[in-house]
Amino acid sequence: QVQLVESGGGLVQAGGSLRLSCAVSVRSTYTMAWLRQGPGKEREFVSAIRWGGDTYYADSVKGRFTISRDNSKNTMYLQMNNLKPEDTAVYYCAAELLAGVTTTSYKYWGQGTQVTVSS
């Protein structure tokens with residue numbers, strides 16, 4: 001059973017930073033991703049990273065968010081800088097790609113962590 005556990009969410013003022021972490025219960029070569037769902041919105045792709053390190057970002061977060069992974073620790077990170085109120089959402093980590101890398105189609109999901117950005 002693959003389990004993903006997110007941490008690092010919270011409340012921050014606009015322009016601030018947060019770092020999310022996602023710990024995976026098994027060693028794997030999965031492509032991993034961060035996705036989010038804002039209030040009243042559909043779940044959307046944020047960023048993804050392949051085992052070899054290739055990264056992908058949604059246009060809305062390019063230049064502000066940085067995804068990384070430490071394969072030795074089975075952990076993925078999302079460094080979020082210059083946060084905006086529109087970044088407010090529940091952030092989910094996901095693993096094992098089922099379709100295109102920038103979609104929301106992943107097999108394993110964490111429980112989500114709330115990020116709230118105040119103006």
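How many disulfides does the count come to? The count comes to 1 disulfide. Before I go on, keep in mind that this is a predicted model.

The partners are Cys-22 and Cys-93, and their sulfur atoms sit 2.1 Å apart. Now look at where the two ends are: Cys-22 is in strand β3, residues 18-24, while Cys-93 is in strand β9, residues 89-97, so the bond ties together parts that are 71 residues apart in sequence. And are these cysteines buried or exposed? Cys-22 has a relative accessibility of 0%, so it counts as buried. Cys-93 is buried too, with a relative accessible area of 0%.

Okay, on to the rings. A pair of aromatic rings is described by the distance of the centres and the angle of the planes. We've got 2 aromatic pairs in this structure.

Take Tyr-30 and Tyr-108. Their centres are 5.7 Å apart with 40 degrees between the planes, and that makes the pair tilted. Tyr-30 comes from the loop between β3 and β4 (32-37), and Tyr-108 from strand β10, residues 106-109, so here the pair ties together parts that are 78 residues apart in sequence. Both Tyr-30 and Tyr-108 are buried.

Then there's Tyr-92 with Trp-109. The ring centres of Tyr-92 and Trp-109 are 6.2 Å apart, and the planes are at 75 degrees, over the 60 cut-off, so this pair is edge-to-face. Tyr-92 belongs to strand β9 and Trp-109 to strand β10, so the parts tied together are 17 residues apart in sequence. How accessible are Tyr-92 and Trp-109? Tyr-92 comes out at 14% relative accessibility, which is under 20%, so Tyr-92 counts as buried. Trp-109 comes out at 27%, so that one counts as partly exposed.

Last topic: charges over rings. Which ring does the charged end of Arg-43 sit over? That would be Tyr-92, with the charged end 4.0 Å from the ring centre. So Tyr-92 shows up again: its ring pairs with Trp-109 and has Arg-43 sitting over it. Over at Tyr-77, the charged end of Arg-19 sits over the ring, 4.0 Å from its centre.

To wrap up, what I'd like you to pick out on the screen is the disulfide between Cys-22 and Cys-93, the tilted pair of Tyr-30 and Tyr-108, and the edge-to-face pair of Tyr-92 and Trp-109.

Key. Residues are numbered from 1 along each chain as its sequence is written. This is a predicted model: local features need pLDDT of at least 70, side-chain atom pairs count only at pLDDT 80 or more; totals for chains, interfaces and linings use all residues. Side-chain values use heavy atoms; hydrogens and water are left out. A disulfide is a pair of cysteine sulfur atoms within 2.5 Å. Helices (H or I, at least four residues) and strands (E, at least two) are DSSP runs, numbered from the N terminus. Buried means under 20% relative accessible area, exposed over 50%, partly exposed in between (1.4 Å probe, protein chains only). Rings of Phe, Tyr and Trp (its six-membered ring) pair if their centres lie within 6.5 Å; planes under 30 degrees apart count as stacked, over 60 as edge-to-face and the rest as tilted. A charge sits over a ring if NZ of Lys or CZ of Arg is within 6 Å of the ring centre and within 35 degrees of the ring normal.
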